[in-house]
Amino acid sequence: MRRLPGSVGGGGGFRPLLAALLALSSASSATASAHVDGTPPSRIAVVGAGIGGSAAAHFLRRHFGADVQLDVYEKGEVGGRLSTVTVNRERYESGGAVLHSLNLHMRDFVEQLGLKYRRGVSGKTAVFDGAEVILEETDWYLLDLFRLWWRYGISFIRLQMWVEEIMEKFVRIYKYQAHGYAFSSVEDLLDSLGGSGFLNMTRRPLSDSLLELGVSQRFIDEVVAPVIRLNYGQNVSVPAFVGAVSLAGAHSNLWAVEGGNKLVCEGLLKTANANLVPARVTSVRLLRSAGDVLQYQLSVAGEEEAATAAYDAVVLAAPLGSGSGVSFLDFDPPLEPAQGDYYGMVATVVHGYLNTSLFGFPDPRLFPYAGVLTTAAPALFFNGVAAVYPVNVSLGFRRKGAHEAGVYKVFSPKVLTREQLKTLFRSYYSAQATEWQAYPRAGSTAAPVEMRPGLYYLNGVDRAGGAAEMSAVAAKNVALLAYHRWYGRSLQVDRKDLMHRIKTEL
Ligand SMILES: Cc1cc2nc3c(=O)[nH]c(=O)nc-3n(C[C@H](O)[C@H](O)[C@H](O)COP(=O)(O)OP(=O)(O)OC[C@H]3O[C@@H](n4cnc5c(N)ncnc54)[C@H](O)[C@@H]3O)c2cc1C
Ligand SMILES: *[C@@H]1O[C@H](CO)[C@@H](O)[C@H](O)[C@H]1NC(C)=O
Ligand SMILES: *[C@@H]1O[C@H](CO)[C@@H](O)[C@H](O)[C@H]1NC(C)=O
Ligand SMILES: *[C@@H]1O[C@H](CO)[C@@H](O)[C@H](O)[C@H]1NC(C)=O
Ligand SMILES: *[C@@H]1O[C@H](CO)[C@@H](O)[C@H](O)[C@H]1NC(C)=O
């Protein structure tokens with residue numbers, strides 16, 4: 001076996017702390033490998049340069065040091081589901097747009113890369129039921145919706161407490177990761193954070209959890225369902241955990257990256273000194289050498305399919321849905337990553353005049369909202385529409401009134417027809433649709449993070465509620481896992497009772 005047993009990482013006391021410090025030291029990774037009498041891997045491949053793949057490259061470099069060759073394969077654009085479109089010479093987020101104040105990895109990246117936080121522009125959001133606006137907030141953020149307690153009684157407090165409790169547990173991951181702990185499956189990761197309660201939440205519908213909490217059906221229909229429709233394009237049957245991630249986003253402390261969220265991906269690849277290969281990976285082949293050493297070889301599409309060099313480890317940081325086009329060769333038993341389908345969601349950035357009559361405001365000057373969410377019934381052709389701001393908001397930027405031409409983002413399950421656009425907009429100059437394979441369908445099966453020794457899958461985390469930060473957390477986890485496996489530090493993987501363990505380590 002080439003996985004050398006580690007000389008550090010046994011027992012209690014200071015040793016796990018030492019291991020964690022070694023795992024965390026970036027500049028001194030060469031020292032780290034000397035400490036475990038092991039050579040670093042020579043080549044690691046990452047497939048996908050979204051935030052997951054870019055962050056994985058960043059953390060792999062930190063853990064394995066300067067000598068390993070890091071190749072990152074990307075078939076499309078760096079950033080993946082973090083992407084922008086250009087309208088009228090300004091760029092707008094077309095995928096993942098807002099980040100939460102507790103997205104600690106994303107914040108770290110922005111700070112390390114010297115990027116700036118984008119200025120927010122406030123505006124009100126309303127909920128439309130197909131006939132009229134049934135709810136409006138007093139400010140941009142949905143938190144204000146929750147203040148409409150007279151309409152919903154205690155429901156909004158219950159919901160808020162539920163989400164906060166989940167967030168409190170979720171942020172434990174940062175502590176575990178700072179101590180160098182990794183997990184070989186998303187289920188183990190969630191279990192370590194919130195026990196069986198979290199696991200149950202990945203399996204039962206959001207609506208069941210909320211009703212059990214005592215949240216009223218009316219609140220679910222009028223507040224929760226519109227938020228889930230907007231964020232995930234689905235109904236309140238999404239798993240409760242996905243719902244909690246989504247509702248945590250309906251909060252006031254949101255931010256974005258000036259110049260576009262995808263700048264984080266570009267920056268991380270650069271500082272990781274990763275070798276970006278613009279190519280689509282079509283297969284992963286298992287190579288087994290005489291010493292029973294597992295290595296992997298990729299095939300990339302091109303005029304002729306070409307096989308790459310052998311990799312000591314491969315991180316798949318792209319969704320492996322049934323349409324992914326990546327096959328697994330020479331695995332025994334065969335490897336069939338049954339991740340299920342990702343469903344489509346369309347984001348259309350429209351430059352034009354919103355048809356405010358649709359929402360009961362014949363005079364656009366009187367239309368007070370920046371965004372409109374929609375209820376699930378009746379099934380409207382769009383999930384939500386909101387005025388959007390360029391990725392560079394200049395100091396003099398002012399939100400336009402609905403009587404002026406503005407830029408809006410519309411989310412819909414299908415590409416909007418001309419008729420539909422003409423209903424939603426009095427007239428428009430341009431409409432650019434991006435069709436996303438957005439999120440796994442509810443009920444798709446779990447895939448382990450560790451598919452085989454040295455072969456890792458990052459996007460299993462999408463099932464637990466896809467968000468940029470979730471992929472960043474998964475990236476840190478994959479890098480730690482790869483590192484511990486390489487150096488045989490199994491004590492740092494899938495440990496139970498971490499809350500207690502970390503307290504005693506300190
Ligand atoms: C419309 C929309 C709105 C969203 N809004 C938010 C939001 O407000 N806040 C938030 O936090 N999150 C949001 N998300 C979710 C967030 O964008 C994603 O969870 C996150 O960006 C996923 O990152 P990733 O790197 O894991 O995957 P991806 O970004 O999908 O990256 C995978 C990359 O792999 C590449 N790839 C795939 N197959 C291959 C192959 N065979 N060979 C080579 N390369 C390959 C792809 O081209 C892609 O670049 C939104 C998503 C969508 C679609
Ligand atoms: C999770 O579900 C199992 C089985 O239904 C149950 O025994 C357990 O108590 C649940 N855990 C929590 C915290 O609700
Ligand atoms: C929610 O959507 C799923 C499919 O995504 C569907 O099977 C289910 O019936 C829907 N539930 C409701 C309450 O509309
Ligand atoms: C937009 O923001 C990025 C990142 O801060 C900056 O580099 C760029 O110069 C800005 N562009 C404009 C047109 O202001
Ligand atoms: C705007 O919406 C109203 C109300 O639904 C509709 O009658 C009208 O045809 C729409 N289009 C325009 C251009 O006003």
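This is a predicted model: local features need pLDDT of at least 70, side-chain atom pairs count only at pLDDT 80 or more; totals for chains, interfaces and linings use all residues.
Helices (H or I, at least four residues) and strands (E, at least two) are DSSP runs, numbered from the N terminus. Residues are numbered from 1 along each chain as its sequence is written.

**Largest cavity**
- A cavity is a set of points, on a 1 Å grid over the protein atoms alone, where a 1.4 Å probe fits but cannot get out; lining residues have an atom within 4 Å of a point.
- The structure holds five cavities of 30 Å³ or more, and the largest has a volume of about 80 Å³, a volume being the space filled by probe spheres set on the points, which are joined across faces, edges and corners.
- Residues lining the largest cavity include Phe170, Val186, Met470 and Asn477.
- Helix H9 (186-201) and helix H15 (468-486) are the elements that give two or more residues to this lining; H15 gives the most, with four residues.

**Six-stranded sheet**
- An open sheet of six strands runs in the order E9-E2-E1-E13-E21-E20, with mixed pairing (two strands pair if DSSP finds at least two bridges between them).
- Its edge strands are E9 (275-277) and E20 (450-452), each pairing on one side only.
- E13 (residues 313-316) and E21 (residues 455-457) run parallel and are joined by three bridges; Val314 has Leu455 as its bridge partner in E21.

**Helix on the sheet**
- H15 packs on the sheet and touches E13, E20 and E21, contact meaning heavy atoms within 4.5 Å.
- The direction of H15 makes about 160° with that of E21; axes are lines fitted to C-alpha atoms, for helices over the stretch in contact, and angles run from 0 to 180 degrees between N-to-C directions.

Technical notes
Chains are lettered from A and ligands numbered from 1 in the order in which they are written. Side-chain values use heavy atoms; hydrogens and water are left out. On a 1 Å grid over the protein atoms alone, a cavity is a set of points where a 1.4 Å probe fits but cannot get out, and a pocket is an open set with protein on both sides within 12 Å along at least five of seven lines; lining residues have an atom within 4 Å of a point.
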